[in-house]
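Dear colleague,

I am handing over the structure below, and I would be grateful if you could look through it before reading my notes. The notes that follow go through what was found in it.

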Amino acid sequence: MLFNSLQFLVFFPIVAVLYFVAPSRFRWALLLVASYYFYMCWRPEYVLLIMLSTGIDYFAALKMGACEKKPARRKYLWLSLVANLGLLFTFKYANFATDTLRDVLGFANVSVDIPMLDVLLPIGISFYTFQTLSYSIDVYRGQRKPERHLGKFAVYVAFFPQLVAGPIERSRDLLPQFGEIHRFEYERAKSGLTLMLWGFFKKLVIADQAAIYVNAVYSNPAEQGGLSLLIGSYLFAFQIYCDFSGYSDIAIGASRVLGFRLNENFRRPLLSRSIGEFWERWHISLSTWFRDYVFMPLSMSRSMRSRASINIVLYSSLAITWTLVGLWHGASWNFVIWGSYQAVLLIAARALRPWVVRATRRARALGSASIP
């Protein structure tokens, strides 16, 4: 089920009414059924993947919670990592890996018939996989206790407003909210519905209409003039932003109507003044996920080294992290190149920052000195 469908316009009001009518102790069950139904409207059998991830991480977290020492928890963390990333790899990256291996062997004049997997990529798998992985990692680190209520944990993994396109929520923020008692509040519902309406406007009026021109230009770029390509490129940026942020607004607004608080996912990124600031404003839940669970662990050892070694570790961590960010967005080499390109820009910005700051100060000093 998509947000921009008549089905959702019927589904959401029914769920909202039933949610506030139902006794508080049963609301988690209503949300779980609604979330699974929401997902099954796309492809029913793939809900089994969400259930499998939920069951494995629930079990792994309980086992980790029973271990006092971190080394004893490690095997259960590996269970969670292998299971979740294994499913993600199988459905999203297996054919990409097969194609790459076939190309490498082809350069060596080795012909191998490697079968391709004929599977459809489960919608939202990149989002809910990262959401449940963050829970397992936090339990492993001792940053939160394992959730013992299987039903509430299952709702956390499959919560329908942010199941398909995020934001990617942390367990410390979202999971406790399923134990809260939410009463209907007119002002909160009005605010949520207003945000949903704004999201629909961005998606249907701006993004979808911009896509008509963009598709016409990009489908036959050789026949386009320079101005058409320039306009198409700018419109494409607005199309992507309004499409994605529109979905986030609908998700946050729908959750707000029900009484849940989701984190901001976009903060006017197109007004950013630098590449670093842009990634602090764009898809914030993904950027912070990679920062906390990939970049920080990779770069933790830099405090024990010389400044030159610190920079090597730091820049290597940035390169690895952003290559993985590119792969997260899509299973093809153009996304790997795109992620690597972002890493180069971020590394260059960080490396040149001292010189830019000094040059700016000098320019201001000269400007002040020239004023009589």
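**Cavities and the pocket**

The second largest cavity is lined by Met-1, Leu-2, Phe-3, Phe-38, Pro-161, Val-164, Ala-165 and Tyr-247, where a cavity is a set of points, on a 1 Å grid over the protein atoms alone, at which a 1.4 Å probe fits but cannot get out, and where lining residues have an atom within 4 Å of a point. This is a predicted model, in which local features need pLDDT of at least 70 and side-chain atom pairs count only at pLDDT 80 or more, while totals for chains, interfaces and linings use all residues. Residues are numbered from 1 along each chain as its sequence is written, and side-chain values use heavy atoms, with hydrogens and water left out.

The second largest cavity holds about 40 Å³ of space, a volume being the space filled by probe spheres set on the grid points, which are joined across faces, edges and corners. Its lining divides into eight nonpolar, no polar and no charged residues, with Ala, Val, Leu, Ile, Met, Phe, Trp, Tyr, Cys and Pro counted as nonpolar, Asp, Glu, Lys and Arg as charged, and the others, Gly among them, as polar.

The residues that line the largest cavity include Tyr-19, Trp-28, Gln-177, Glu-180 and Phe-260, and by class its lining has five nonpolar, three polar and two charged residues. Helix α2 (residues 27-40) gives the most to this lining, with three residues; helices here are DSSP runs (H or I, at least four residues), numbered from the N terminus.

Arg-261 touches Gln-177 and Glu-180, not counting residues up to four places away in sequence, contact meaning heavy atoms within 4.5 Å. Between Arg-261 and Gln-177 there are 84 residues in sequence but 8.1 Å in space, C-alpha to C-alpha.

The largest pocket (an open set of points with protein on both sides within 12 Å along at least five of seven lines) has about 1000 Å³ of space. Of the 31 residues that line this pocket, Ile-240, Phe-244, Trp-328, His-329 and Phe-335 are the closest to its centre. Helix α9 gives the most to the lining, with six residues, and the lining as a whole has 22 nonpolar, seven polar and two charged residues.

The axes of helix α3 (residues 47-65) and helix α4 (residues 70-107) come within 8 Å and cross at roughly 165 degrees, the axes being lines fitted to C-alpha atoms over the stretch in contact, with angles that run from 0 to 180 degrees between N-to-C directions. The two helices are therefore roughly antiparallel to each other, a term used for angles over 145 degrees, while those under 35 count as roughly parallel, 65 to 115 as roughly perpendicular and the rest as oblique. By class, the contact of α3 with α4 has twelve nonpolar, three polar and three charged residues.

The peptide bond from Gly-166 to Pro-167 is cis, with omega near 5 degrees, and Pro-167 is placed in the loop between α6 (150-158) and α7 (171-174). Arg-268, found in the loop between α9 and α10, has a positive phi of about 50 degrees although it is not a glycine.

With kind regards
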